[in-house]
Amino acid sequence: MNTEIIGILAMFLGTLALAIPFGKYIAKVYGKEETLLDPIFNPIEKLCYKLSGINPNKEMNWKEHLVALLTINMIWFVLGMFFLMTQQWLPLNPDGNPNMSADLAFNTTISFVVNCNLQHYSGESGVSYFSQMWLMFLQFVSAGTGLAAAAILFRAFREKATDELGNFYEFLLKSCTRILLPLSLVIASILVFNGTPMTFEGKDQIISLQGDTVEVSTGPVASFVAIKHVGTNGGGFFGANGAHPFENPSYFSNMVEMFGQLIVPLAMIFAFGYFTRKRKFSWMIFGVMTLGFLLLTIPNVTMEMKGNPAISAMGIDNSLGATEGKEIRFGAAATGFWSIVTTVISTGSINSMHDSSMPLSGMNQLIAMMINAFYGGCGVGLLNFFIFIILAVFISGLMVGRTPEFMGKKVEAKEMKIAMIIALLHPFLILVGTALATAFPEQGAATLNNPGFHGFSEILYEYTSSAANNGSGFEGLGDNNLWWNISTGFILILGRFLPIIGPIAIAGLLASKKYIPTGNGTLKTDTGTFGIMVFAVIVIIAALSFFPALTLGPIAEYFSMK
Amino acid sequence: MKSENNSLFQKDMLKEALVQSFVKLNPKSMFRNPIMFTVELGTAVMLIVSVWILFGETNQGSFAYNFSIFILLFLTLLFANFAEAIAEARGKAQADSLRKTREDTPAKLENGETISSSLLKKGDIFICEAGDIIATDGEIIAGLATIDESAITGESAPVIRESGGDKSSVTGGTKVLSDKIVVKVTTEPGESFLDKMIALVEGASRQKTPNEIALTILLAGFTLVFVIVTVTLKPFADFAQASITIASFIALFICLIPTTIGGLLSAIGIAGMDRALRANVITKSGKAVETAGDIDVLLLDKTGTITIGNRKATHFYPAEGVDPKQLIRAAVLSSMSDETPEGKSILELAEINPLNFNVANPKFIQFSAETRSSGIDFENTRIRKGSTDAIKNLVQKAGNVFPEGLMDKVHQIATNGGTPLVVSENEKALGVIELQDIIKPGIQERFERLRKMGIKTVMVTGDNPLTARFIAEKAGVDDFIAEAKPEDKMNYIKKEQADGRLVAMMGDGTNDAPALAQADVGVAMNSGTQAAKEAGNMVDLDNDPTKLIEIVEIGKQLLMTRGTLTTFSIANDVAKYFAIIPALFITAIPALQSLNIMNLSSPQSAILSAVIFNAIIIPFLIPLALKGVAYKPIGASALLRRNLFIYGLGGIVIPFVAIKLIDIVVSLFI
């Protein structure tokens, strides 16, 4: 087998092998069970509770959870606006970077609060070190918010019938301290040893062989890059993100970062099974997600390795694959693999220009974000998947002649209404956003670098990435202007919080319902059959919503190239 | 009334349904069904566009093409309306045939006056004698009569109805065969169960069931997705410099929204109630039928449901040293005047006419709760038969020994589910008669089927726990309530419901009424008391206790039909996309010809073919909607696989084939 393929397999299977025990650990953390790290974190957390006056044993219902979640996110947003718009005067700004404009600060703050990290600025010149560290803090807490939200879901399906779903602040704090922090520490250390800078010094100067003076940006990079992956945030320290040699120096660092972004979403699937004592159900979820993931990854890697047929036709050697926009130290296979991982998982960090991917590779990246539930971001991937489960439960329940039920709870009109609104929201945000940008070309389309189908893909990608809270860019888009900053900012907020509120509301409603014991007539949801059903629902909804748009973008481009 | 004509469409029904298809076009009534309402809007737009072209517009394609789309959409609407109308017509016809039996029967009042049944009000009292048709539903307040209920139940054997007991209800349209009864009217004219059911079928008081509401939300959601898809396609297409006509937009939209299930949804619901009615069950709401499909626990009375009527004598077991003939003689004599079915069965088993024994001056001792025995005294002989304890007492009081071997036999009979009757002569135990319950043939299979459906069956009996257990095991029920008092049923139901299960039961007596009301599905027998019928949510005209099994299947069919047709409808969209999307863009982007995988002949014929398929699939599926998808008790996962394969995969493949075929035909004309 090809070394490049072995590299990919090693990344995926290695992460999977670690994700299962890590999932068990996460289940213990949320279940208040003893773990090895207790002696370190118990005193730290106690101090936090004491300082903030929070009682971590106060049980909340789903509404109280959501109030807590939204309030604390609001506070982060206000603080973020303040820091970014005044960074010039704040400490730790050795390069003297200026204050951000209001619309850029709005877009940046939101995109970090919602775990998206769509970056319309360049890290080197756009933000101070203080701002970088504030953004890093947001990378922790935004991922923690997603994990805490998933923990609420966990609680809703552990007890037979309950209103008490744990304490939001406890979930949030433990997610940051006990899950994200240890992983980030390990990864940051590895990166430092591989050459990623970790310093508060300003720009370095080197004199090139030609005698030119070159200024090189550095900073506290390693810590930032670690959490951007572990927290599935994706915002790079530098504008070039994971393609920058300081962020991602080698194939090995590439593997470590790949592990970093896969580990938590994978572990959360298994954590759900351990926590609710329904491990088979976890495997059903894992199976469906992995099937989807592979169906996107395999064609993508194949196409990237094969290279552009138009270039082959010109008689140019294409044996390295499609190398345009790629870093030669990663190669076509690992880059293609990364581009799907980062889009299915809502990380949005990139190690190549997605704009340069082959048309259908680009389509797969788009589809990954349009579905946004094959693994998905920290915690929120499961929440998105939960919506599809509810829809699948409903349709398949009817198909076997029984009022639909999930984990012993009847799914009725109210839950369907919420599930349908959330399922609708994603296509709505993407299609309406894209439609407005194409309908008013002086605002949106005029900033495109490419005309025609590819230009359309660029717009579609930007809104898909925003709605999916992914944060990667197809690029090739002059995206730091009022139109893009404001329009994507609002899409980010809606695309983040509604898909958290919806599933939590459904879980809360279901949790308080009477538990129905399972019988022969009950449809089991931890079987392959049900998995196929969920998969079919996901594919059909995505296909029906996005087929026309994809036709006018990547599909038309693909057929035109033939 | 057993339905004689099972064909789906009868001539007069078709006519009525056709008229209704047009009447239902009224936007006001269309609005109840949001999906078909959007189709109606689309149809209106196409009419306007067609007229616009007649007045000289040139950018929207030919008049013939636009007008064809309009006609096809109009047909789609008519087909959907027709589905609903034919379902209503069938339900109504079924109900009407029941109602006809009770129209305008003369009723004799207490004062001798005779008035028409339609003038009878609740609380009125009328008299029926042999040969009279009972004017309306009521309760016997005096008298007893044999009644021929074949007009309602189709069962020709007459039944006995009498005042006071649990069998005091009479139904309008049935015929008194003997004796005279005084009946009190229990319903206002037009408010009988049947009238209520007809109203349900006709739609006047038809309410959406909870599952139907949830499904409508799902379908409305899909419709909204396609509103977004179609509307945003306009700027997308402009950006790609492809111009799309209004007709194409409307066609795309209508083909994508789930019109198939939207058009058939109400027909499926009506057909569910209609199937219940064909099974001779009157439901008080559509919800009750739906709930029946979800039942987890079924409470069944032992007698009449699981076993045939009463116990029968099966064996004589003499005590040690007793001549079998002596035992049989004593048993026969003691049963001479015993009118109970058990007593009669002893004579049948012995095959001896008691009169042969020539007994002088017999004195019959009737059974009493105190002595718990009955028997006969003549000359110097005292024969008794009764419960073990009673006879043992009798024997031991007289100073005799109750043989140990006999005691063992008694225990053996009891553990085998039989009832022992011990016989004594002059205070000496002679032996024991074994009485056994006879389990209805075929009942085990029915319980097995229920178990596969995931339903727990519970037998309710007055027997002692030992006997009850034996019969329960033999019949294959999952649980039993022995020595049951009316409140035990109620408590059992409440306990199961507290665990989250749905319970169905059947009952007839007044003391069943609270339990019938408590149960999620309570089926009252038509012969039962008015209280029982008011308390339940269904009435079984056949008085057949096994009917619950059929009702459960009807409920499951109802949900399954909705689920499978929804899946089918949505799966269809894949093929429709592959027909329409290339057609929209091929002119502007010739490269997309590769996406035309069905190789449809031209953009216009592709769109027309998709719209034609979308319209004609509705009438094709009407028979399925009316009959319901067959339920197979093969386990939920297997059932899902099966239905997913047939209606999911079938839903993807069939339209590809059909649209291609239609295109071949259509291209001949374009």
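Visitor: In E8(B), which residue is the bridge partner of Glu139(B)?

Guide: Happy to start there, with a predicted model in which local features need pLDDT of at least 70, side-chain atom pairs count only at pLDDT 80 or more, and totals for chains, interfaces and linings use all residues. Residues are numbered from 1 along each chain as its sequence is written, while chains are lettered from A and ligands numbered from 1 in the order in which they are written. Five bridges join E4(B) to strand E8 (residues 180-185) of chain B, running antiparallel; strands (E, at least two residues) and helices (H or I, at least four) are DSSP runs numbered from the N terminus, and two strands pair if DSSP finds at least two bridges between them. In E8(B), Glu139(B) has as its bridge partner Lys184(B).

Visitor: And which residue in E6(B) does Glu139(B) stand opposite?

Guide: Strand E4 (residues 138-148) of chain B is joined to strand E6 (residues 169-170) of chain B by two bridges, in an antiparallel run. In E6(B), the residue opposite Glu139(B) is Ser169(B).

Visitor: In E7(B), which residue is the bridge partner of Thr146(B)?

Guide: E4(B) also runs antiparallel to strand E7 (residues 175-178) of chain B, with three bridges between them. In E7(B), the partner of Thr146(B) is Ser178(B).

Visitor: Where does H22(B) bend?

Guide: Helix H22 (residues 636-667) of chain B has 32 residues and reaches 45 Å from first to last C-alpha, close to the 46 Å expected at 1.5 Å a residue; the expected span is 1.5 Å times one less than the number of residues. A bend is the angle between axes fitted to the seven residues ending at a residue and the seven starting there. For H22(B) it is about 40 degrees, at Gly650(B).

Visitor: How far apart are the end C-alpha atoms of residues 67-87 of chain B?

Guide: An unreviewed UniProt entry annotates "transmembrane region" for spans of chain B including 67-87 and 607-626; such annotations may be inferred rather than shown by experiment, with positions in the numbering used here and feature names shortened. Residues 607-626 of chain B are 100% helix and 0% strand, with end C-alpha atoms 30 Å apart. Residues 67-87 of chain B are also 100% helix and 0% strand, and their ends lie apart by 30 Å.

Visitor: What is the radius of gyration of chain A?

Guide: Chain A has 18 helices and four strands. The radius is taken over C-alpha atoms, and the globule rule is 2.2 Å times the number of residues to the power 0.38. With 562 residues, a compact globule would come near 24 Å, which agrees with the value for chain A, 23 Å.
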